Structure formats: structure tokens, C-alpha cells
Amino acid sequence: MVIEQIKMPQLGESVTEGTISKWLVSVGDKVNKYDPLAEVMTDKVNAEVPSSFTGTIKELVAEDGDTLAVGEIICTIEIEGGNAQEEKASEQKTEVTETVVVSEQADQGNKARYSPAVLKISQENGIDLTQVTGTGAGGRITRKDLLKLIESGNIPTAGAKVEAPKQAATQPEEAVSSVSTQPAAAPKPSVPAPSIPVAAGDIEIPVTGIRKAIAANMLRSKHEAPHAWTMIEVDATNLVEYRNSLKDEFKKKEGFNLTFFAFFVKAVAQALKEFPQINSMWAGDKIIQKKDINISIAVATDDALYVPVIKHADEKTIKGIAREISELAIKVRNGKLRSEDMQGGTFTVNNTGSFGSVQSMGIINYPQAAILQVESIVKRPVVMNNGMIAVRDMVNLCMSLDHRVLDGLVCGRFLQRVKEILENTSKSTTSIY
């Protein structure tokens, strides 16, 4: 018999870790190649990890709720193959390897256990990892350990041993970071987690893996990206009249709805072609301006928020975008969304108006540089150019931007262009096909 390892896969761009939300197998179960082993959740997608081998589950290295870095072992599988001599050699090799790892850990502390995320945070904040005591499994230093040190201001310096705050060894790491690059002048007391009294009738709701991932990604975005916010008002009267004149016939002919949102996504994609700076990402020492225009859209369920992607939105018609919005929403609500449906987004458009919002400030979908909130279309009295007052269909477009990447001038021009496209949408100027 031969023991093979299954490792945490990379389930999206910039994804450095995943959380085991649910094991689908147990020790001793026999599995075939490509059978699902576990549900793994990241800040971008919830997906199943398939087996790479046919064999018997030997060990589940991680438990439900554990967070592991990409490339870490999650389980082992015993498979048939090789003769007794090869098996013995394999066992000896494993023993030698384990001895070497233990020796390295004894000589170098937890160096062998550093995840890419921990190394990134330590480099950004000047933390000497050899002086940090980790609280993760086996003494591993977690991102939560480093965050607590950063928040306390007690950054390790040469010759000083700093212990991370105590926590349960099995508690999953939180995907958080910090934009601070300078140690504090003097240590600050760490802020303890709030103690919330629970009274009779209160309901305690456990935080699911998906909710933890959403919280972690939002916190990372707010910690790392300096958010700025701007809003523009759009007269959507012509757009509303045009869409309303088409919607019934369109639904009958195509089988899905022609939504207002499809027009907004198309306008944004067109404006991104003209203002490619907006279609960028922060990469530390450089800014990456993306060639493809892939629009992320937010789709909510009762307990989670997913952000599937409309690829090459600038090349699609309004009809094509409307179809894709419908298909992606159905996938989310039926639990059929794939990891590839969530990857490659370069800019996010969020339809907050669908639940009546008229003004909101979105948190940027990290590592993108901006997010646009499309608010509710409402009828309001408006003073026209001729001084007369008329009732018009108005909508607010609210944009949050990463001020490391974008400045107000280019964002203002971008929004003006989106406004111009939308206000000039009509039967005589715009085709949905």
C-alpha cells in the first residue's frame, strides 16, 4: 500500500487559504478518483475538493472549521500499488522526512509552518516571526496572531520575545491584514473581544464558514484599502421608458427578464473601456491594469453573499448580459455555482436598489480598485434646464474606490461617462441585441 496526500487547492486568484466547511468522507471510507472529499470555503467561492486517487481514507488531517494555507495537507489516502519492498522504502522515507522536519522546527522555530499570508503580513509590518509564539495547531503562527500584535502596537523588536494572545488551538485563522507599516512608538493595550450578556429569550446564532469568509474578506478590504466615496445622480427617465416598452415581449421571446440592471452593467463595461485606469488592482509595488473587463455582480441568499463574474462584459450585448445575470443568479440560489464562475472579476457592480436603497457606501471587493452601487430608481421632482419642474425617474450611482490606485478626478470622469450613456439610452440610440 502507498499513502498519498490531498492538499488544499487554490480555488481562485489571490486565494491563499481555505476553510474546511464540511467533510464528506470519514476515515476508512473507500473513494474513487474524482469523488468529492470535502466542502472548502474561501472568500471567493464554496467548492468541493475531489479525490486525486482511488483508495481508502487513512487520516483527516484537518477538522470541520479548520483554515489551512494553499498547499497544506488536508487528508491522506491509502492506495494499492507497489510491492512490499517499495512500501517499506516509502515508510522509511516518510520517517526520515518527519525527523528532518522536526529537526528544522527545533532549529528554526515555526519557520516550516509559516503560511504565505503570514509571511506577507510580517513583511508588510516589519514583524520578526522568530520572536512570535504562535497559538495555532502545533505552535503555528496564524494571521490572527499577527493582527492582534499589530492592534496592540506591541511589534516584536530584536532581543524581545513576544507571545501572541492566547486562543484555542483549533480556532480557524481570520483572513485579515493591516495597512500599517510602522511600529508604534509605545505599546498600546490590546482591546479584548466584547463580552455580550445573553438574556432569556436571546438567540445565539453560530457563525457559519461562509459568513466567516465574508467577514474576513470585508475586514481585509477595509484594513488594506483606503476607501473614498463619491456619488452621482442620473436621470433614467428615457431608460425606464425604453425598457418598459420591451420587457413583456422580451420575456415572451427570450424566456428570461430584461432587467434595468443589465443596462447599468453594460454602461459600466463601456465606460471601463474608455477609462481603463478604473479596471485596475493594487499589487504592492505596482498597479496592475487589467486587459479583460470582467464584471462581478453581488447575488445574495438568506445567509450568504456570492459574487459571480460576467466575463468580457464589454463584448456582450444587453441581452447577453441579462441572460448571464439570470443564469448566475439561478446557479447561486440552487447551489450550483462553480469556482470558475467566481474568478477573474476586475470591477464590481452591486444592485443595492433591488431592495429599495437610495444611497449606500459599498466595501471594495478585494483586490479590485472600486465598486459601484446602483441604487433604486425613484420618481422625484426635478428642475429642468428650462426652469420648469418635472417628475423624472432618478437613480443614484455610489462609487467606493481604493485611493491607493484611483484619484477623484478619474473616478468623477468615469461616473460622468456612465451617466451620459444611461441618460442617452433610448429606442433610437440603443439596441439590446
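These notebook entries record what I looked up on one helix and on salt bridges in a predicted model.

**Basis.** I number residues from 1 along each chain as its sequence is written. In this predicted model, local features need pLDDT of at least 70 and side-chain atom pairs pLDDT 80 or more, while totals for chains, interfaces and linings use all residues; side-chain values use heavy atoms, without hydrogens and water.

**Helix H5.** I took helices (H or I, at least four residues) and strands (E, at least two) as DSSP runs, numbered from the N terminus. The 18 residues of H5 (237-254) should span 26 Å at 1.5 Å a residue, and the end C-alpha atoms are 25 Å apart, which agrees; the expected span is 1.5 Å times one less than the number of residues. I noted a bend of about 45° at Lys 247, the angle between axes fitted to the seven residues ending there and the seven starting there. Just after H5, Gly 255 has a positive phi of about 90°.

**Salt bridges.** I counted 16, each a side-chain nitrogen of Lys or Arg within 4 Å of a carboxyl oxygen of Asp or Glu. Glu 254 pairs with Lys 319, with the closest N and O atoms 3.4 Å apart. This pair links helix H5 to helix H7 across 65 residues. Glu 254 is buried at 17% relative accessible area, whereas Lys 319 is partly exposed at 21% (buried is under 20%, exposed over 50%, partly exposed in between; 1.4 Å probe, protein chains only).
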